[in-house]
Amino acid sequence: MNVIEKLFEYPQYSIPFEEKTNFLLKELNNLTAYHYEKCVPYQNIIKTIYHNNYGNSKNLSEIPFFPVRLFKNIELKSIPDSDVLKTLTSSGTTSMQVSKIFIDRETSLLQTKALASIVTSFIGNKRLPMIIIDSETSLGTASGMSARGAGLVGLSNFGRNHFYALDGNMQLKIKELLEFSEKHSGEKILIFGFTFMVWQNFLEELKKNNIKLNLDGYLIHSGGWKKLTEIAVSNEIFKEKIQEQTGISKIHNFYGMVEQVGSIYMECEQGYFHSPNFSEIILRSFDLKPSNIIGKEGIIQTLSVLPKSYPGHSILTEDLGIIHGIDDCKCGRKGVYFTISGRIPKAELRGCSDVYALAG
Amino acid sequence: MSKIIQIVPKNLLTDDIKAIVNNDFISQSRLEPFSDLTINFLNQLSREILSDSVTSKIPELVALAYFLRKSNIINITENFKKTIPDTEVTVPLGVCFQIAPSNVDTIFMYSWAFSLLAGNSNIIRITQNVGEQLSGLLSVINRVINNPDIEEIRARNIILSYSYDDNINAYLSSIADLRIIWGGDSTVQNIRKHLSKPTTRDIAFADKISYSIIESKYFLSLNDQLLTEKVRLFYNDSYYFDQMACSSPQVVYFVGDDKDNQLASSIFWSKLEEILISKGHFEHISVSMNKLAYLYEESASGMDLRIQSEVNPDKPTIIKIAKEDVQKIVSICGGGYFHQCFLADISELIHIIKHNDQTLSYLGFTPEILKNLAKSLNGKGIDRIVPVGQALAFMPTWDGFSLLNHFTKRVVVI
């Protein structure tokens with residue numbers, strides 16, 4: 001059994017940290033060597049920045065990484081163009097450029113399987129009636145898909161009788177929503193949406209219309225807290241208000257990114273994100289040295305064994321996080337657990353050239 | 001109501017702009033070129049910048065104030081006038097529409113000053129992101145412009161801000177006799193797509209890359225005090241605008257035999273580090289992240305690079321680059337990210353310089369060698385060759401344009 005098979009074989013969050021680290025180390029070393037052979041720009045990075053040392057890292061923190069921004073400026077792929085099944089793109093909110101991630105059949109299957117393994121460990125194997133807090137038009141096409149579309153498609157596998165709760169203008173379809181909850185009353189249901197849209201397009205609309213639902217089941221959401229932090233909505237408030245308005249009490253945020261689809265970090269009942277079998281985070285201080293000190297904030301580097309079609313198995317994000325412990329979360333799950341504390345703050349550089357023509 | 005310099009940036013709509021830049025404004029008589037009125041106005045600005053509690057503490061604005069003072073302006077205009085034959089009279093072009101860059105707050109002041117001296121009326125679009133420097137400068141302008149003596153200038157100059165809008169750019173382009181476009185390639189192309197009059201002149205400042213060149217033997221011959229002083233000047237050239245100005249050095253060439261280059265470069269960078277320490281330099285994490293992403297990106301491209309000094313918040317990042325690969329540097333990083341390159345002879349530059357190269361700031365070398373270099377380059381690239389310390393000093397000839405020449409026209413009288 002190879003390492004990836006083993007990681008799928010073990011129940012999620014059951015492998016003690018050190019054992020899991022050894023699995024990951026082996027596979028990530030393999031992946032580094034694999035992408036070195038298959039992806040020339042990646043090979044160039046390893047040559048210049050890592051002096052051609054690769055494939056024999058003794059610690060996860062020694063695995064070569066690169067800043068996530070590179071996906072915006074360079075096409076990084078380890079497969080011939082003919083094998084590209086789909087290209088995922090990030091939603092470029094702040095920058096004009098978007099990340100491009102090239103996925104082939106093998107990687108796509110691994111991502112789907114991994115996501116299933118992680119999500120079903122929270123909500124069970126049974127497909128639940130599902131409300132998607134988005135519009136069907138957001139899906140995009142199969143070959144070119146936004147991060148949002150990819151998230152929707154990925155998660156929709158866990159539901160049945162999918163109901164897209166927003167119309168093309170992002171308005172809540174209240175009548176249909178009430179019919180849906182009537183029809184499935186007494187059943188466990190699954191709600192999925194992007195955090196801010198769940199708040200604004202779903203919860204606020206329910207409140208405005210004085211509707212309280214009496215649902216049972218799960219809400220899974222993702223997409224970042226920036227906009228909610230601006231209006232002073234914390235995770236605690238979010239959960240409280242959702243429960244108040246919908247009856248749903250099992251609410252799980254997850255941390256994930258288009259650059260590493262599948263190996264997501266789900267939030268447990270204690271409010272911590274957990275590293276699943278397939279991935280791990282490392283924190284780095286501002287000088288980029290590893291700093292996995294419990295309780296200390298650092299820049300998040302994410303490692304995942306899934307990316308085979310592109311060299312995205314070790315990425316330095318621009319997110320900041322805090323590791324709260326290893327193997328001893330009160331929820332009972334093993335492994336690293338952490339919270340996200342924000343993004344690296346931006347400073348404006350000056351210069352003669354500017355983006356006025358495009359954005360200013 | 002008389003025209004005002006509208007310096008409170010806000011989101012203006014096309015109609016607002018048309019109301020401000022109206023027919024009355026456009027059809028006003030031009031001011032006389034090089035008038036005492038203009039020279040005095042610039043001098044008042046200079047004085048006010050130096051006495052204002054905010055602007056007097058900002059080195060870039062102090063440099064501007066020195067540039068604007070009467071003696072310097074008279075010197076510049078006299079030198080220009082000497083170039084005009086007896087059979088020609090200099091007159092203004094008319095209305096100048098200027099797009100200022102968002103990030104070098106002060107540079108539009110120089111081109112405005114030249115356009116004013118030329119006698120043109122001016123509409124200047126400034127950034128919507130007004131930082132401390134720019135807001136200090138704007139309040140100085142506001143105070144000076146309200147002086148009743150200079151009502152004629154006040155009526156002919158408008159500084160405004162609007163968010164990017166094709167309609168406004170199209171309107172202002174349609175009435176302009178001269179467009180001065182800062183902001184680099186993308187802004188230039190974007191403004192150029194708007195038709196202007198057939199007679200309109202464009203002065204466009206494209207993306208440029210600049211370099212320093214150091215004669216290693218000369219550098220090693222300096223005593224410690226002089227060494228420190230020269231590197232301090234290099235620090236000013238590099239760090240004043242976060243190394244993001246077109247004329248901030250991106251590559252430092254050391255010229256000489258390998259041994260001298262090694263020694264000179266190691267002394268040079270350690271002096272620069274000392275200066276950073278003495279200034280308490282510690283860069284923002286986002287600057288480090290920019291540098292890191294830039295380093296990985298240029299590494300991915302397959303250029304022959306050797307990391308001499310890694311990305312570090314209190315140190316310059318130094319990357320040795322093979323001379324064959326310098327031309328592959330297409331964008332600048334900024335924030336203290338330097339390439340270094342060793343050359344045996346200055347003439348090797350001829351094969352390295354390309355069309356969008358701007359300033360070569362030097363240490364050592366005889367004027368003859370530098371003039372020969374400019375001649376040998378024969379228009380391939382490089383607009384200015386100046387001593388280290390003057391990379392950022394704005395000069396009447398910029399990016400290859402003799403500005404006063406381009407901002408005026410000549411009437412032949414024989």
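Predicted model: local features only at pLDDT ≥ 70, side-chain atom pairs only at ≥ 80, totals over all residues.
The crossing of H3(A) past H14(B) is right-handed.

On the side of H3(A), the contact involves Pro41(A), Asn44(A), Ile45(A), Thr48(A) and Ile49(A). These residues meet Tyr296(B), Ser299(B) and Ala300(B) of H14(B). By class, the residues of this contact comprise five nonpolar, three polar and no charged.

## Overall form of chain B

Chain B contains 16 helices and 16 strands. Its radius of gyration is 22 Å, close to the 22 Å that the globule rule gives for 414 residues, so chain B is as compact as a globular protein of that length. Along the principal axes, the C-alpha atoms of chain B fill a box of roughly 70 × 50 × 40 Å.

## Domains of chain B

Two domains are assigned in chain B: domain 1 covers 14-206 + 402-412, and domain 2 covers 209-387. Their C-alpha centres are 32 Å apart.

Five residues from domain 1 of chain B and five residues from domain 2 of chain B take part in the contact between them. The side of domain 1 of chain B that touches domain 2 of chain B consists of three nonpolar, one polar and one charged residues.

Notes:
Residues numbered from 1 in each chain as written. Chains lettered and ligands numbered in written order. Domains from an automatic or database assignment. Contact = placed C-beta atoms within 7 Å. Nonpolar A, V, L, I, M, F, W, Y, C, P; charged D, E, K, R; others polar. Left-handed = near helix turned anticlockwise from the far one by under 90°. Helix = DSSP H or I, 4+ residues; strand = E, 2+ residues; numbered from the N terminus. Rg over C-alpha atoms; globule rule 2.2 N^0.38 Å.
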